[in-house]
Amino acid sequence: MSRQRAGGGRHLADAAILLALAAYAIPFFWQLLSSFKVDADLLHGQLVPARLTLAHYRVVVEQSPVPRALVNSLVVALLTTGLALGFGGLAAYALARLPVPGRSALLLGVIAGTAFPQIATVSPLYLLMRALGLRDTWLALVLADTSFALPLVIWLLAGFIAEIPEELEQAAALDGAGRLQVLRWVVLPLMAPGAASAALLTFLFSWNEFLFAYTFTASEPARTVPVALALFPGVFEVPWGDIAAASILASLPPVVIIVVFQRLLVRGLLAGAIRE
Amino acid sequence: MNARQRGDRRTALLYVSPALLALGCLTVYPGLWVLWLSLQHRIPIFDVDRFAGLSHYLFLAQDPRFWNAGRVTLVFAAVSVGLELGLGLLTALALRGQRAGRRLALALLLLAWALPAVVTARIFEWLYHPSAGLVNLLLGGRTINWLGDPALALPALILADVWRTMPFVALLCYARLLGIPPELYEAAQVDGAGRTAMFTRITLPLLRRILLIVLLFRTLDALRAFDLMFVLTGGGPAGSTETLTVYAYRSLFQTLQLGFGSAISVVVFALVMLVAWSYLRLLRRQRLGA
Amino acid sequence: MIRALFLSGFLLALVACDSAPPAGSPVTLVFKHAKILGPADPLPRLFREFEAQHPGVRVKSESLPWSADEQHQFYVINLEGGSPAFDVMMLDVIWVPEFARAGWLKDLTPFVDRTEFAEHFPSAVEAASLDGRIWAIPWIMNAGLLYYRSDLLTRYGLRPPESYAELVAQVRRIRAGESDPRLDGFLWQGKQYEGMVVNMLEALWANGTELVDASGRAFPDPARAEEALALRRMLIVSGVSPRWVTAGDEELTRRAFGDGRAIFLRSWPYAMDLFQLPESAVRGKVGIAPLPRHVHGARGAGATGGAHLGVHVRTRHPELAVALARFLTSETAQRAMASGVALNPTRMRLYHDPELTRTHPALPAIRALTLGARPRPITPLYPMLSVAMQPELSAVLVGLKTPAQAVSSAQRRLAHLLEAIPGGTDERAPTR
């Protein structure tokens with residue numbers, strides 16, 4: 001298991017594991033390859049193509065609603081993240097530090113909230129959005145996504161805040177800082193990595209969210225990426241190459257997150273699980 | 001209570017109210033509303049809006065499609081979670097000794113988890129294509145209709161779901177494994193323990209808690225799953241991949257039977273909450289016992 | 001002084017006369033439709049023609065996913081949600097009564113000339129009407145028919161089968177004679193979707209019974225219904241139809257037949273032009289005939305299908321939207337669509353048009369078959385019925401349920417559905 005190996009043996013094992021993981025990710029890489037294959041090669045099951053083409057990307061970028069959907073997804077995800085962290089951060093601080101009336105009940109409610117199934121609220125929310133005239137708007141999606149992200153964000157952030165030693169805040173208060181100043185200058189900087197993790201998780205959740213987006217948006221210009229991908233127009237036949245290209249474009253932010261922001265993301269995932 | 005404590009309480013309420021307001025309006029209120037809806041006949045297309053009592057629930061009790069959906073949901077959850085746990089644990093164990101390229105390894109692993117479920121659905125739809133899909137190509141050109149055969153569709157769906165959720169399990173187990181001090185193993189080795197003994201006596205017990213937590217998360221997610229099966233198979237063929245969530249959504253939005261669909265949603269809700277509650281009790285008891 | 005007054009008065013008059021919308025704000029009509037086949041798409045040209053006739057108007061087309069069930073779900077979610085996001089919609093003919101009943105379609109009665117309407121197929125006209133008012137304009141016509149390999153049938157001295165018993169016998173004979181293991185017998189659509197319900201309806205009609213009667217009762221004659229369903233299952237079990245028909249939709253089955261791998265195919269008229277393409281493997285070897293009958297049916301009948309154009313009730317440009325719908329369904333437009341990609345017109349006269357029949361010689365025969373075809377039940381409840389029936393019918397085809405089980409299960413399900421709706425299958429105009 002964790003026996004010390006000779007350097008070469010360890011390198012070999014490392015390489016083997018990397019290879020195995022690359023093989024695990026083959027479904028994604030196959031989709032990537034397919035997005036560059038010519039239609040004839042696609043339909044005849046050509047494993048290794050003789051030539052590659054950018055035609056599918058061209059179709060997706062020029063003729064499909066996907067580019068617009070990418071923008072919509074980005075806006076919705078950013079707004080959701082901002083809102084969830086804003087509301088959630090305040091609530092988390094209060095729950096961790098302040099005498100909130102009914103604190104344990106609220107905490108229990110928050111934890112229960114993370115288990116909520118989306119299907120349970122989609123029909124009332126549909127009627128609500130219709131009554132408010134919010135159908136087909138970013139606002140409807142942002143509100144719905146935020147409501148689902150909030151419990152997890154509150155839980156995560158409350159945990160991160162609880163880790164910060166209270167003495168630091170008390171010291172600042174003794175120095176004459178008001179509560180907001182304490183928040184701004186003491187808590188926030190220390191909480192920043194945790195908040196960043198929570199932000200990443202929220203962004204990812206909102207980007208990937210499908211059920212609400214499918215139900216609340218009507219027109220092409222308002223769709224988010226998962227919906228555009230699900231409703232991708234086929235003629236009689238399914239345009240596999242175009243769908244592959246669209247899938248890859250839809251995967252870009254998630255890929256960026258796990259490559260560039262890996263450490264923060266992992267920290268957020270672990271925190272959510274380690275703390276119960 | 002002195003003035004400062006009162007001030008603190010006010011601040012607390014102030015800070016908590018935006019989130020509470022949002023959750024109250026968008027989660028709690030709809031949660032109650034859906035219960036109310038489930039007791040109505042509500043079909044907007046035909047202007048139907050009247051009290052139905054328990055009519056929907058009574059129908060569901062003897063509705064073969066409902067019981068089939070329940071069975072599919074439970075089978076899906078059980079098999080999927082079981083496979084994820086097993087594979088995830090194995091992956092974590094393999095990853096534990098990784099020295100070089102850890103970042104790359106994690107990136108490759110997390111790729112499957114980070115993708116939107118719709119993208120995964122499209123990927124596997126293409127992989128499972130009868131004549132041009134990679135799976136059949138690798139099987140030597142057989143034209144197995146994975147998504148069209150009622151006997152094969154559910155396994156195919158489960159495979160896709162395990163692919164995208166195993167990394168989460170692996171990551172959590174991996175992190176926990178890293179926290180186990182190597183001295184424990186060295187001491188055991190000195191005592192003459194073999195590899196299996198080290199695994200069962202040291203590793204597994206220390207992993208138990210994280211495994212239970214992962215089990216909780218993953219079971220809840222599997223019971224609530226919607227995106228993957230909706231886009232990949234739509235619940236077909238012949239309802240062999242129709243989970244309760246898909247049945248609910250179809251009833252709600254294919255024909256706007258809002259009352260009937262809400263009843264099915266309430267069942268999903270109750271099921272998920274029941275499982276969550278039992279797991280949490282188990283966890284609490286385990287923590288007290290440990 | 002007087003000149004200045006006169007000049008300013010003149011300018012004022014000019015400004016006042018300019019009552020048309022300022023040139024900088026074009027009206028955009030959104031047209032939602034299922035994507036039409038490939039490069040010979042006639043719609044863009046038709047849109048430009050309309051724009052030329054109505055300066056300042058732009059037509060923007062938005063396509064939907066190709067699966068009719070998905071389109072229906074999309075429309076239902078969004079029309080009920082009340083967003084005026086599109087003006088003119090392409091509607092499957094079976095949705096028109098439902099959408100009219102729901103109050104989503106603009107009443108077109110004042111805009112339509114009844115005598116002109118008589119030029120369309122009667123069943124198309126019937127599907128466009130609810131409670132004596134017109135809610136959509138017929139656009140594209142379809143009818144289910146039987147395609148057969150004329151070369152194979154002639155080789156064995158056979159004529160197109162008039163009954164399923166004959167069809168089965170012919171399949172066996174031809175396959176024995178050809179000894180080609182990859183030659184399938186009879187292809188049809190058995191995947192779990194609306195297309196399968198169409199096939200089942202045709203099977204029921206072939207046996208002299210129906211899916212629902214006038215009072216909304218499912219399977220009014222259970223014995224005949226079970227017989228019809230059993231025949232379909234038998235076709236698969238005996239190998240007359242390959243097992244994959246249970247995953248087969250229009251395109252999958254059309255491709256297989258078009259590659260020369262089947263003797264019979266049940267499909268819509270659009271396939272004929274694809275079979276006659278120069279590179280087609282079955283060019284010149286395909287004939288069409290009415291669908292066969294079964295034991296208790298007088299004759300077989302295909303189901304009609306097609307699309308109508310409807311106008312969104314909350315459109316911001318009612319006159320222009322109606323004008324667009326009328327333009328696209330006019331004789332010239334339908335002729336353009338028929339000559340391009342064989343989108344068969346709803347106007348009966350065009351089927352004898354000399355120019356069209358030159359490039360599409362099968363048109364007169366298709367017209368006769370269409371007149372002999374039957375519409376699916378024209379009721380606002382039909383889409384709901386179909387969705388409720390799909391799992392039951394599908395279960396029979398894959399062998400999960402016996403026909404008897406499926407029939408009784410379907411009856412129970414339908415009864416539950418209808419108990420919520422007072423008046424059952426009454427056609428009533430929307431009250432909203």
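Domain bounds here come from an automatic or database domain assignment. On that basis, in this predicted model, chain C has domain 1 (27-142 + 304-371) and domain 2 (145-289). The C-alpha centres of domain 1 and domain 2 of chain C are 29 Å apart.

**Contact between the domains**
- Twelve residues from domain 1 of chain C and nine residues from domain 2 of chain C make up the contact.
- On the side of domain 1 of chain C that touches domain 2 of chain C, two or more residues each come from helix 3 (68-81) and helix 16 (363-371) of chain C.
- Helix 16 of chain C gives the most to that side of domain 1, with three residues.
- By residue class, this side of domain 1 of chain C has six nonpolar, five polar and one charged.

**The four-stranded sheet**
- Four strands of chain C form an open sheet in the order 8-9-7-10, and the pairing is mixed.
- Strand 8 (184-187) and strand 10 (286-289) of chain C are the edge strands, each of which pairs on one side only.
- On average, neighbouring strands of this sheet are turned by 20° against each other, direction ignored.

**Strands 7 and 9, and helix 11**
- Four bridges join strand 7 (residues 145-149) of chain C to strand 9 (residues 262-267) of chain C, in the antiparallel sense.
- C:Leu145 has C:Ser267, in strand 9 of chain C, as its bridge partner.
- Helix 11 (residues 250-258) of chain C lies across strand 7, strand 8 and strand 9 of chain C.
- Relative to strand 9 of chain C, helix 11 of chain C runs at about 150°.

Terms used: Residues are numbered from 1 along each chain as its sequence is written. Chains are lettered from A and ligands numbered from 1 in the order in which they are written. This is a predicted model: local features need pLDDT of at least 70, side-chain atom pairs count only at pLDDT 80 or more; totals for chains, interfaces and linings use all residues. Two strands pair if DSSP finds at least two bridges between them. Axes are lines fitted to C-alpha atoms, for helices over the stretch in contact, and angles run from 0 to 180 degrees between N-to-C directions. Two residues are in contact if their C-beta atoms, placed from the backbone, lie within 7 Å. Ala, Val, Leu, Ile, Met, Phe, Trp, Tyr, Cys and Pro count as nonpolar, Asp, Glu, Lys and Arg as charged, and the others, Gly among them, as polar.
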